[in-house]
Every structure is written in C-alpha cells, then in structure tokens.
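Let us walk through a protein model step by step. Keep the sequence and the 3D view open as you read.

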Amino acid sequence: MEVDNFQKSHFLNLFNIALSDNSVDPMELKELYRIGEESGVSIEEIDFIIENPHKVKTTQYDNDFQLFNALLNVSQMILADGKIDPREITLFKRILASNNVNREIGESLIEYLIDFVKADDSNHYSTSLVNDLYKNFLETNNLEKIMSI
C-alpha cells in the first residue's frame, strides 16, 4: 500500500506526540506501530517518516470525522506510556488549532477522548464505534461540527 501524504502527516503528528516529552518510551513506539498496522502502514514506512520528517508535508484533515478519528489516535499515543505530559497536551492543542477547532471545543474534546481511552483498554476501535463516539461528543456538547470552517 502506498502511504499518501495525509497518512505521513498523521503518523508524524503521532510520533511528535511521543517525542514531545523529550523521550520516546518503548510503549509509545509499540503503540505507533500498532496504529500503523491497523491503518495499513508498515513499520518500514513509519520508520521512514520518523527518519525523514522534512520530507513530510503537513496536511489538514478533510472533515470532522477524519479529524476526530485521528485525535482518538493522538489520545492513544498520549496514554501509551501510562502518563500524560503537559507538553503532549500542548501539542494536542496545536493540532486542534491548526485544524480550526475552537479552543473551548478543543478542551472538551481532549478531555472526552482521553477519558474514553483511559476507560477502554481494547485499543482497537471499529469505524462504527468511532462514529458513535463522534456523534455522542457532538450531541453532548450541542454541536453540529468540530471544525470551525
């Protein structure tokens, strides 16, 4: 499978989350590869992205659901080493801001996704489950969408 620039950008974001506390825990790397396998991205492709970040063009998410799904992966990466570093949350907020997510919505989204991942140790989320989580978040927060544009 050819990895498109969108996927490269996503995996670079995930690696940056792992690196944001100045060290990549083996559990974070394991989680990165697990997410890759689940997404059809090989270890070799992820290693290339990590070793060549300058060759990855940052890409915006196309829609709310795509962003929500990606942020669920970000939450998994944050919790992979069993601790939440404030720098990981700062990077999470930057990802939200760069995708036109209102600050208040972003704060709620971070809490919602991290709480979900903490409570659910399955690490594998079907498209149907992610869709239900997304709809629940919108409904709970009385929103029509996450991204401002």
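Start at D85. Its relative accessibility is 14%, so D85 counts as buried. Here buried means under 20% relative accessible area, exposed means over 50%, and partly exposed lies in between, with a 1.4 Å probe and protein chains only. D85 forms a salt bridge with R87, and their closest N and O atoms are 2.9 Å apart. A salt bridge is a side-chain nitrogen of Lys or Arg within 4 Å of a carboxyl oxygen of Asp or Glu.

A word on the source. This is a predicted model, in which local features need pLDDT of at least 70 and side-chain atom pairs count only at pLDDT 80 or more, while totals for chains, interfaces and linings use all residues. Residues are numbered from 1 along each chain as its sequence is written, and side-chain values use heavy atoms, with hydrogens and water left out.

Now step back to the whole chain. The protein chain has seven helices and zero strands. Helices (H or I, at least four residues) and strands (E, at least two) are DSSP runs, numbered from the N terminus. Read from the N terminus on, the elements run α-α-α-α-α-α-α. Along its principal axes, the C-alpha trace spans about 40 × 30 × 30 Å. For 149 residues, the rule gives a radius near 15 Å, and the protein chain has 14 Å, which agrees.How is the chain packed and covered? Buried residues make up 44% of the 149 residues. Contact means heavy atoms within 4.5 Å. Take the contacts with a separation of 6 or more: 75% of them come from residues 24 or more positions apart. The protein chain exposes about 8,200 Å², and carbon and sulfur atoms supply 50% of this area. Such areas come from the Shrake-Rupley method with a 1.4 Å probe; for residues, only the protein chains shown count as cover.

Next come the charges. The protein chain has 13 positive and 26 negative side chains. Lys and Arg count as positive and Asp and Glu as negative, while His and the chain ends are not counted. The centres of the two sets lie 6 Å apart. For this, the place of a charge is NZ of Lys, CZ of Arg, CG of Asp or CD of Glu.

How many salt bridges does the rule give? The count comes to five. One of them joins E107 and K93, at 3.1 Å from N to O. E107 lies in helix α6 (residues 103–119) and K93 in helix α5 (residues 86–98), so the pair ties together parts that are 14 residues apart in sequence. E107 is partly exposed because its relative accessibility is 36%. K93 is partly exposed too, with a relative accessible area of 37%. Salt bridges that share partners also form a network, which joins E31, R34 and E38.

R34 forms a salt bridge with E31, and the closest N and O atoms are 2.7 Å apart. Both R34 and E31 lie in helix α2. They are three residues apart, about one turn of the helix. E31 has a relative accessibility of 9%, so E31 counts as buried.

Stay in helix α2 (residues 26–39), where E28 is found. E28 is buried yet has no salt bridge. Which side chain of opposite charge is nearest to E28? K83 is, at 6.8 Å. Leave aside residues up to four places away in sequence, and E28 touches A18, D21, S23, M77, A80, D81 and E88.

Two loop residues come next. N22 sits in the loop between α1 (5–19) and α2. N22 has a positive phi of about 75 degrees, although it is not a glycine. With 63% relative accessibility, N22 counts as exposed. N100 sits in the loop between α5 and α6. N100 has a positive phi of about 60 degrees, and N100 is not a glycine either. N100 is partly exposed, with a relative accessible area of 31%.

End at F48, in helix α3 (residues 43–51). F48 has 38% relative accessibility, so F48 counts as partly exposed. Where is K8 in relation to F48? Along the chain, F48 and K8 are 40 residues apart, and their C-alpha atoms are separated by 9.4 Å.
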